[in-house]
Amino acid sequence: MNVIAVHEASSLAQRWPGLIHELGLECRVVNGYANSIIDDLRGCDALLWHVSQDSATDLRFARSVLLAAAKLGLRVYPNHETVWHFDDKAAQKYLLESIGAPLADTWVFHDRHEALEFIERATYPLVWKLRGGAGSLNVRLLRDRDQARKMVAVMFGKGVAALPPGRAVQAAAASALQHKRDLSWLLRNGRRVIGTYLQRLRATDAERGYILLQRFIEGNDHDVRVMVVGHRAFSSRRQVRRGDFRASGSGQNIFLDEHEVDKRLIDIGFRIARDVGAQSLALDFVFEPVTDEPVLLEMSYVMPPKALDAHKGYFDEAFVWHPGSYDLARMVLQDLLDATP
Ligand SMILES: Nc1ncnc2c1ncn2[C@@H]1O[C@H](COP(=O)(O)OP(=O)(O)O)[C@@H](O)[C@H]1O
Ligand SMILES: [Mg+2]
């Protein structure tokens, strides 16, 4: 391992170059969307890319470049097993059912009549979700059959924007401003910034032609996230918003210490990450009201590195606690270097 390529965008990409230099390796910052990307990667040993949920372009194209890079012989993060189901709760349903994970009952219909038949005999409330999204943006409660019928009409009609306009604006602005934040640069490049921004807005399609529903697990005032990175499992609890059933994106995170962590979830987390073959995996759990059994809601290969920094430590596979703050970028890089080719 000598030369490590890093796709230039997203928060992990800001941490990787310094860490790569620290290890005495060469870092090549690349634009993964350059027409010449495959040639640009020749001579590199690895490619790191923080595939972002906020970028429609990442969601559409990053996986292809990563797969092609792997074909070229590079080690990549995230690899195919890690990222193919990212930002796609339908893909996660199929995958998690196939490995027998304790996923909350989830239904995906691609046919309007089948969806209508299902909602006639279903028990309410039901949780409706889009395939993609984070921070509870695309998750809603359907209280009764009437609301479900309306949602079927929307999903098999005009659809729903995957990135709500407010969030799209925020994400587009962040991407346009990513590297250059000083005012004089902005004044000189104002047109380009606005152009990038509009381009990003237009790149987001409406989601339609399917409906995804999940059994509502009632009575949870928080969810618990387990983030597995290689042989380490981190855990945090997220309180729901006031008067709402949704925790993700509430910003009310509680980072657990050794004695507060639910070891059942650590065990399930390691098992799922292993069965999926993921280099890293964040899993969201709630609990059945009577039995307290953990139920999985969804997963993602990544979480914001700043949120991972705030954890108090991790459990390894032998349930030994390792206290301290750990950098997601560093762990991912280290695991990639250590992996048997
Ligand atoms: N089936 C469910 N039963 C109960 N609560 C749920 C269910 N699905 C989601 N939630 C709540 O909504 C939040 C967001 O749902 P999630 O599927 O994790 O979407 P996101 O991708 O936006 O994080 C979760 O953090 C959880 O608090
Ligand atoms: Mg979630």
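These exercises work through one predicted model, each with a solution in steps.

Residues are numbered from 1 along each chain as its sequence is written, while chains are lettered from A and ligands numbered from 1 in the order in which they are written. Because the model is predicted, local features need pLDDT of at least 70 and side-chain atom pairs count only at pLDDT 80 or more, while totals for chains, interfaces and linings use all residues.

**Exercise 1. The whole chain**

Task: Find out how many helices and strands the protein chain has, and judge its radius of gyration against that of a compact globule.

Solution: 
- Step 1. Count the elements. The protein chain has 13 helices and 17 strands. These are DSSP runs, numbered from the N terminus: helices are H or I with at least four residues, strands are E with at least two.
- Step 2. Take the spans. Along its principal axes the C-alpha trace covers about 60 × 50 × 40 Å.
- Step 3. Apply the globule rule. The radius of gyration is taken over C-alpha atoms, and the rule is 2.2 Å times the number of residues to the power 0.38. For 341 residues a compact globule would have a value near 20 Å; the chain has 21 Å, so the two agree.
- Step 4. Look at burial. Of the 341 residues, 35% count as buried. The test counts other C-beta atoms within 10 Å of a residue's own: 20 or more is buried, 12 or fewer is exposed, in between is partly exposed, with C-beta atoms placed from the backbone.
- Step 5. Look at contacts. Two residues are in contact if their C-beta atoms, placed from the backbone, lie within 7 Å. Among contacts between residues at least 6 apart in sequence, 64% join residues at least 24 apart.

**Exercise 2. Around ligand 1**

Task: State which residues come nearest to ligand 1, and which strands supply its shell.

Solution: 
- Step 1. Set the cut-off. A residue is near a molecule or strand if its C-beta atom, placed from the backbone, lies within 6 Å of it.
- Step 2. Name the nearest. There are 24 residues around ligand 1, and Ile 217, Arg 246, Ala 247, Ser 248 and Glu 298 come nearest.
- Step 3. Name the strands. β6 (126–129), β10 (211–215), β14 (280–287) and β15 (294–300) each give at least two residues to the shell.
- Step 4. Sort by class. The shell holds twelve nonpolar, six polar and six charged residues. Nonpolar means Ala, Val, Leu, Ile, Met, Phe, Trp, Tyr, Cys and Pro; charged means Asp, Glu, Lys and Arg; the others, Gly among them, are polar.

**Exercise 3. Two helices**

Task: Decide whether α6 and α7 are roughly parallel or roughly antiparallel.

Solution: 
- Step 1. Recall the description. Two packed helices are described by the angle between their axes and the distance between the axes.
- Step 2. Read both values. The axes of α6 (residues 112–121) and α7 (residues 145–155) come within 10 Å and cross at roughly 170°. Axes are lines fitted to C-alpha atoms, for helices over the stretch in contact, and angles run from 0 to 180 degrees between N-to-C directions.
- Step 3. Compare with the limits. Under 35 degrees is roughly parallel, over 145 roughly antiparallel, 65 to 115 roughly perpendicular, and the rest oblique. So α6 and α7 are roughly antiparallel.
- Step 4. List the partners. Arg 112, Ala 115, Leu 116, Ile 119 and Glu 120 in α6 meet Arg 145, Ala 148, Arg 149 and Val 152 in α7. This contact has five nonpolar, no polar and four charged residues.

**Exercise 4. Backbone exceptions**

Solution: 
- Step 1. Know the rule. Most residues other than glycine have a negative phi, and most peptide bonds are trans.
- Step 2. Pro 78 sits in the loop between β4 (75–77) and α4 (80–83). Pro 125 is in the loop between α6 and β6.
- Step 3. Ser 10 is in the loop between β1 (3–7) and α1 (11–22). Ser 10 is buried because 23 C-beta neighbours lie inside 10 Å. Phe 319 is in the loop between β16 and β17. With 13 such neighbours, Phe 319 is partly exposed.
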